[in-house]
Amino acid sequence: MALRDRIAFQVRPYLAPGEQVQHVVLAQAGLSPYFNLVPPLGFPVWNLTINLLPWSEFYFFASGAVMAALVLAGYTICLTRVRNRILVVTDQAILLMGAGLIAWSTPNGPPLLRLPRRTVLGPPRGLAGAMLLSGEKLWVSPLFRKRVTAANAELAVVTSPPWPGSAIS
C-alpha cells in the first residue's frame, strides 16, 4: 500500500462525508533540519583535536566521554524539539495533523488545524524547504515539494476567474 493511501485510510475519521484526499505532504516543525548537519561536522573536529593535541590515555578516554555526552545531548535536543506534521490536502480543506516521533507517517490524533481549501501552501523555499502555514514554520523535504506545487496548481485552476469579455460569468 502506498504512503498516500495508508495515510488517507488513517485520516478517514477526521474527514467530512464525501471528502476525498488529494495530496499528502510530510513535514517537520520546530527544530531546523540544518541541525542534522551538526553531528557529521562534529566528528572530524573531535578527531582533529585528539590527533593534534599531545596524546595521553586519560585525554583519549575523557574526550570520548565528552563526545558521547555531546552526541547524547544532540539527540535529546532533537527528540524534544522536532515535531513531525502531516499535511493532508483534500478537495474541501487542508488538514494539519501531528505525527509520531518514531512513526512519522502515522497521525497521532485529531487535526491540529483545519484550513479552507483556498489557502495557498508555501511555496517551500531554500534547501530545506521552509514554508509558513498559519504561523507555524514547516520544513518540507524535497521529496514532497512537487506535491505542494501540485496542490497549489489545482487551487489555481479551480479558483481562476474567467477571461475578461468571455461568455462565462
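Is Glu136 buried or exposed, and what is its relative accessible area? In this predicted model, Glu136 is buried, with a relative accessible area of 17%; the value falls under the 20% limit and therefore counts as buried.

The side chain of Glu136 forms a salt bridge with that of Arg83, with an N to O distance of 3.9 Å. This pair joins distant parts of the chain, as Glu136 lies in strand 6 (residues 136–140) and Arg83 in strand 2 (residues 82–90), 53 residues apart. Arg83 is partly exposed, at a relative accessible area of 37%. A network of salt bridges links Arg83, Arg85 and Glu136.

The whole structure contains 4 salt bridges. Among them is the contact between the side chains of Glu19 and Arg114, at 2.9 Å from N to O. Here too, distant parts of the chain are linked: Glu19 is found in the loop between helix 1 (3–10) and strand 1 (21–30), whereas Arg114 belongs to strand 4 (residues 113–116), 95 residues apart. Glu19 counts as buried at 6% relative accessibility, and Arg114 counts as partly exposed at 42%.

A further salt bridge connects the side chains of Arg4 and Asp5, at 3.3 Å from N to O. Arg4 is partly exposed, with a relative accessible area of 31%; Asp5 is also partly exposed, with 38%.

The protein chain has a mean pLDDT of 81, with 78% of its residues at 70 or more. Confidence is highest in strand 3 (residues 93–98), at a mean of 94, and lowest in helix 2 (residues 38–52), at 66. Where pLDDT is low, predicted coordinates should not be read in detail.

How values were computed
Residues numbered from 1 in each chain as written. Predicted model: local features only at pLDDT ≥ 70, side-chain atom pairs only at ≥ 80, totals over all residues. Heavy atoms only, no water. pLDDT = per-residue confidence, 0-100. Helix = DSSP H or I, 4+ residues; strand = E, 2+ residues; numbered from the N terminus. Buried < 20%, exposed > 50% of the residue type's maximum accessible area, 1.4 Å probe, protein only.
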